[in-house]
Amino acid sequence: EMFPNAGLLFYHDAPGACCCLLHDISEGGTLPFYKAARGVEVSIRRDQDESCGETEIGSLALRGTPVAAGFWLDDSSPRTSSHPGGWWVTSDAGMMDSEGRVRILGKLTEMITVAGLKVSPQVIEAAIACAFPGCEVGVVGIPDPLGSSGEIPVLCYTPRDGCAITISELRAALAHRLHADNMPRIVYRVAGIPRSGSGIAREELKRQLLGGMVGQTFGTGSE
């Protein structure tokens, strides 16, 4: 009411590169797009020397005046001068659209490698949450039980309000939302989704899953 013409911006806080990416809150969205702040360049990198293609997941890299040259009194930390082109390569995963907008998809260590490509569990979770709003969901990757060198996405969910998810219902609901390779192949009903201060504690969820501690199997990809 006091500032009717003011806009509210949310910034992505990447270590060493604070306030470099901004998101207009009025645009909403579960996985919002960010735009580079003034004086900042952004790139999604496949590796140190090569940029990713459009919508391909890679490492978020930034350069410009607001980007730190390094960490104070920490010679072991990476410095922009040590990267080709002076890019600050973060540990965040992201993708860029044709308009240069960036979507942050979590940490690189959380990405699932499916058929040689990186897949974001947050993207899968967002699609499932839209289709099954009555469930709390978490997605992790585990080694493919069929023996391939990659992983498969696994859905763990906690039912609320009588919600239940079977693999057949999941496939039908997500047929037009996700690529077939990104579809969870196993579904587990769990007592709760472990969380940390930054969101789902995926390593803990994966540890419980691989240790057979998550509860009753409700459906698998062979159903």
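Hi everyone. Before we start, one term: a residue is called buried when its relative accessible area is under 20%. With that in hand, let's walk through this structure, which is a predicted model.

First, the overall picture. The protein chain has 223 residues, and 40% of them count as buried. Its secondary structure consists of three helices and 15 strands. If you take contacts between residues at least 6 apart in sequence, 56% of them join residues at least 24 apart.

Now please look at helix α2, residues 167-174. Which of its residues are buried? They are Ile-167, Leu-170 and Leu-174. Looking down the axis of α2, these buried residues fall within an arc of 60°, so they line one face of the helix.

Next to discuss is the pairing of α2 with helix α1, residues 121-131. Their axes come within 10 Å and cross at roughly 100°. Angles of 65 to 115 degrees count as roughly perpendicular, so that is how α1 sits relative to α2. On the α1 side, the contact is made by Ala-127, Ile-128 and Ala-131, and on the α2 side by Leu-170, Ala-173 and Leu-174. By class, that contact has six nonpolar residues, with no polar and no charged ones.

Some of those names come back in the largest nonpolar core, which has 20 residues. Ile-128, Leu-155, Tyr-157, Ile-165, Leu-170 and Leu-174 have the most contacts inside it. At least two core residues come from each of β8, α1, β10, β11 and α2.

And finally, apart from that core lies another one, of 16 residues, including Ala-17, Ala-37, Cys-52 and Leu-62.

Conventions. Residues numbered from 1 in each chain as written. Predicted model: local features only at pLDDT ≥ 70, side-chain atom pairs only at ≥ 80, totals over all residues. Heavy atoms only, no water. Buried < 20%, exposed > 50% of the residue type's maximum accessible area, 1.4 Å probe, protein only. Helix = DSSP H or I, 4+ residues; strand = E, 2+ residues; numbered from the N terminus. Arc of directions from axis to C-beta. Axes fitted to C-alpha atoms, helices over the stretch in contact; angles between N-to-C directions. Parallel < 35°, antiparallel > 145°, perpendicular 65-115°, else oblique. Contact = heavy atoms within 4.5 Å. Nonpolar A, V, L, I, M, F, W, Y, C, P; charged D, E, K, R; others polar. Core = buried A, V, L, I, M, F, W, Y, C linked by side-chain atoms within 4.5 Å.
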